[in-house]
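Good morning, colleagues. Please keep the display in view while I speak.

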Amino acid sequence: MSIGWFLRPILALFLLVLVLRPEWFAPMLAPLAPEGGPVIYERASLLSLSLSHLALVAAASAAAVVVAVTLAILVTRPSGAAFRPVSRTVANMGQTFPPVAVLALAVPALGFGAGPTLVALFLYGLLPIFENAVTGLSTLPPATMEAARGIGLNRWQRLVRVELPLALPVILTGVRLSVVIAMGTATIGSTVAARTLGEVIIAGLLTNNTAYVVQGGLVVGLFAVLIYDAMVQFERRLAARVGL
């Protein structure tokens, strides 16, 4: 039995307590707070900020998956191969512009709040999903594809029953990277009034309160680690199931 089986529940329990009962950590965080200043962030509950943060990441990641995988399917068909360079350029645009710049450009059009943050996370998450989807769909075993044609499957049936299931582990690797990037990047959404865990970190930076920064950073980091690990375990089981 690996150490992960012991470490995962410990980290999950630590995160749960940190979110639901942050006051329990006040003695440990007190040395990091300004003298006479607050130790635990109380302007909003860490639970509500965590749920809002996760919802933003989930919504943006889901949209990125749909768009990136659809685009990858189109450019890996013979009729769409010529558009692959253009599609890759479009997917790269999200990584070219810093999220802060995207937020600044999106606020005049969408206003303050979750909207600009969703746009930034969506654009930032496209590239890893798109690249992995293209790789997965372009490197399928020729013998398997020939067998699918041999049993009379049409193009749609081959895509749904053969290509996507075989490429799914590779695609999920891109999704995992995209989600973890979004977990950290979403914190900047609080600069445009989105409800994220970045609110705690920013409050700590503005008031020179390291205790706040540690609280927000720990919650975001633990969420990222646990989500990353959960997706890795899912990918391994899926790969074993499809025989990869």
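The lining of the largest pocket divides into five charged residues, three nonpolar and two polar. In this scheme Asp, Glu, Lys and Arg are charged; Ala, Val, Leu, Ile, Met, Phe, Trp, Tyr, Cys and Pro are nonpolar; the others, Gly among them, are polar. This is a predicted model, in which local features need pLDDT of at least 70 and side-chain atom pairs count only at pLDDT 80 or more, while totals for chains, interfaces and linings use all residues. Residues are numbered from 1 along each chain as its sequence is written, and side-chain values use heavy atoms, with hydrogens and water left out.

The lining residues are Thr-76, Arg-77, Pro-78, Ser-79, Leu-137, Met-145, Arg-149, Arg-155, Arg-158 and Glu-163. Two elements, helix H7 (142–150) and helix H8 (155–185), each give two or more residues to this lining. H8 supplies the largest share, three residues. The helices are DSSP runs (H or I, at least four residues), numbered from the N terminus. The volume of the largest pocket is about 230 Å³. A pocket here is an open set of points on a 1 Å grid over the protein atoms alone, where a 1.4 Å probe fits, with protein on both sides within 12 Å along at least five of seven lines; lining residues have an atom within 4 Å of a point. The volume is the space filled by probe spheres set on the points, which are joined across faces, edges and corners.

I turn now to charge pairing. How many salt bridges does the structure hold? There are five, a salt bridge being a side-chain nitrogen of Lys or Arg within 4 Å of a carboxyl oxygen of Asp or Glu. Arg-149, which also lines the largest pocket, pairs with Glu-146, with the closest N and O atoms 3.5 Å apart. Both residues belong to helix H7 and stand three residues apart, about one turn of the helix. Arg-149 is partly exposed, at 43% relative accessible area; the classes are buried under 20%, exposed over 50% and partly exposed in between (1.4 Å probe, protein chains only).

Glu-235 and Arg-176 form another salt bridge, at 2.7 Å from N to O. This pair links distant parts of the chain, with Glu-235 in helix H10 and Arg-176 in helix H8, 59 residues apart. Are these two residues buried or exposed? Both Glu-235 and Arg-176 are buried.

In a further salt bridge, Glu-131 meets Arg-88, the closest N and O atoms being 2.7 Å apart. Here, too, distant parts of the chain are linked: Glu-131 lies in helix H6 (residues 114–138) and Arg-88 in helix H4 (residues 84–96), 43 residues apart. Glu-131 is partly exposed, at 23% relative accessible area, and Arg-88 is partly exposed at 28%.

Finally, the backbone. Most residues other than glycine have a negative phi. Ala-193, which is not a glycine, has a positive phi of about 75°. Ala-193 sits in the loop between H8 and helix H9 (198–206) and is exposed, at 53% relative accessible area. Asn-208 likewise has a positive phi, near 55°. Asn-208 belongs to the loop between H9 and helix H10 (210–242) and is exposed at 62%.
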